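Thanks for coming, everyone. Please have the sequence and the 3D view open while I talk.

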Amino acid sequence: MAAKKVVVLPGDDAVPEAMAAAMEVLGAMKLDIEYVQFPPGERWKRGDTEVRARAAIDASDSTLFGATSGKTNAILHLRWGRQTYANVRPARYMKGALSPLRSPEGIDFVIVRENLEDLYLGLEGPLSELRPLKAQSRFLRAPLDTSAEGRYAIKVITERNTRRVAAFACELALKRKRAGGPGKVTCTSKYNMLRESDGFFRAIVEETVAGFPELRYEQFIVDDFARRVVQSPHELDVVVAPNLYGDILSDAAAGTVGGLGVAPSGCYGDDYAYFESVHGTAPDIQGLGIINPTATILSAAMMLDYLGFAEASTRLERAVRTIYAEGKTLTPDQGGHAKTEEFARAVVANL
Ligand code: ATP
């Protein structure tokens, strides 16, 4: 029996092509891992299939997940079922990647995005579902006419989820500090306008970081933070944000270091983690064989580290970096002409 078991869900549209490349690389590494592979676009139905797929995840140590456009619906179990509350999205520049910035060298920060709540609970509906609102909030700016045609969405920030994602960010900042990082946590939200919800998030993060005297703390309103991601990304270390802002800003962060093709991520809970690229399913390039598999391969490297294969993780990341530094086998999004498959072979050759 292999030491570790990993479920592989290749996802939808163009992403299975990136996943095939990542699996070629992982296969070549010959680690003591059993991969339980599902077909692309696997849709879980109620009943047998769903039970079996859930059981596979529950019996595994981790999942490598391709993005979904709705066909692969395992994400609900991976995220809410397994309570993977911290979405870690590193933005680290690799020499040779196609950054729009003049001096991207040295950009190395991580956005830790709360992964379970905020506006992503899916609590939406017609305004008429709301009881007529009297001034229920101290900060209500104008009365709301709930008889008007319209829709609402509810944003939820809980103390429990905020505390655990903040603590996760602090532990990560400490780990990075031990490796030479600055030891800083930055909190961002719209706490000046959303004083109850985002203000609560900010206050709990600040309180949590105060329990880590080795770390520095700073906070920026999210619009100011967006500017900083572009103008002074070198000053950031570990950033913690509510779900929606974290989602949007990590795409922007990816943009500073070479775009969605190179941005990996991992979603961590207390007893499970799964790994997926930051990008979506890239339907516009499906079937062309040119999707950049770097994001998926680097997500796999994060997974290897999580599973305890630290040396293999570093080796894989180095192999990818070498290809960027050489610049001979890059995919079109990075200004090259290589196919997804050629990139994968180059990684294997550099392992
Ligand atoms: P989602 O909402 O599911 O996160 P998205 O809006 O971020 O999706 P993507 O599917 O990530 O959209 O694609 C955005 C653009 O980036 C598309 O033009 C797509 O082709 C391109 N893109 C995304 N990932 C890659 C990749 N790995 N390699 C090359 N191009 C990519």
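**Salt bridges, spaces and domains**

Let me start with Glu 206: this residue is partly exposed, at a relative accessible area of 35%. The terms work like this: under 20% relative accessible area is buried, over 50% is exposed, and partly exposed is in between, with a 1.4 Å probe and protein chains only.

A word on the source. The model is predicted, so local features need pLDDT of at least 70 and side-chain atom pairs count only at pLDDT 80 or more, while totals for chains, interfaces and linings use all residues. Residues are numbered from 1 along each chain as its sequence is written, and side-chain values use heavy atoms, with hydrogens and water left out.

Back to Glu 206. Which residue forms a salt bridge with Glu 206? The partner is Arg 202, and the closest N and O atoms are 2.6 Å apart. A salt bridge here means a side-chain nitrogen of Lys or Arg within 4 Å of a carboxyl oxygen of Asp or Glu. Arg 202 and Glu 206 are separated by about one helical turn, because they sit 4 residues apart in helix α5 (residues 197-210). Helices (H or I, at least four residues) and strands (E, at least two) are DSSP runs, numbered from the N terminus. Arg 202 itself is buried, at 17% relative accessibility.

Is Ser 197 buried or exposed? Ser 197 counts as buried, at 17% relative accessibility. Leaving out residues up to four places away in sequence, Ser 197 touches Lys 155 and Ile 157. Contact means heavy atoms within 4.5 Å.

Now helix α6 (residues 222-231). Arg 227 and Asp 224 both lie in it, 3 residues apart, about one turn of the helix. They form a salt bridge, with the closest N and O atoms 2.8 Å apart. Arg 227 is partly exposed at 37%. Asp 224 is partly exposed at 25%.

Next, Glu 149 and Arg 151. Their salt bridge has its closest N and O atoms 3.0 Å apart. Glu 149 is exposed, with a relative accessible area of 71%. Arg 151 is exposed as well, at 59%.

Salt bridges can also link up. Asp 58, Arg 82 and Asp 271 are joined in a network of them. How many salt bridges does the count give? The count comes to 22.

On to the domains. The assignment for the protein chain gives domain 1 (1-88 + 263-351), domain 2 (99-112 + 155-257) and domain 3 (119-154). These bounds come from an automatic or database domain assignment. Taken over C-alpha atoms, the centres of domain 1 and domain 3 are 39 Å apart.

Now for empty space. Rolling a probe the size of a water molecule over the atoms shows where such space is left. The search uses a 1 Å grid over the protein atoms alone: a cavity is a set of points where a 1.4 Å probe fits but cannot get out, a pocket is an open set with protein on both sides within 12 Å along at least five of seven lines, and lining residues have an atom within 4 Å of a point. Grid points are joined across faces, edges and corners, and a volume is the space filled by probe spheres set on the points.

What is the volume of the largest pocket? It is about 1,000 Å³. The largest pocket is lined by 29 residues, and the closest to its centre are Arg 92, Lys 175, Arg 176, Asp 305 and Glu 317. Elements giving two or more residues to this lining include α4 (159-178), α8 (294-306) and α9 (310-326). By class, the lining has 17 nonpolar, 4 polar and 8 charged residues. Ala, Val, Leu, Ile, Met, Phe, Trp, Tyr, Cys and Pro count as nonpolar, Asp, Glu, Lys and Arg as charged, and the others, Gly among them, as polar. Domain 1 and domain 2 each give at least three residues to the lining of the largest pocket.

The structure holds 1 cavity of 30 Å³ or more. The largest cavity has about 40 Å³ of space. Its lining includes Arg 89, Pro 90, Ser 250 and Val 278. β4 and α7 (243-257) each supply at least two lining residues. Here too, domain 1 and domain 2 each provide at least three residues.

That's my tour. Questions, please.
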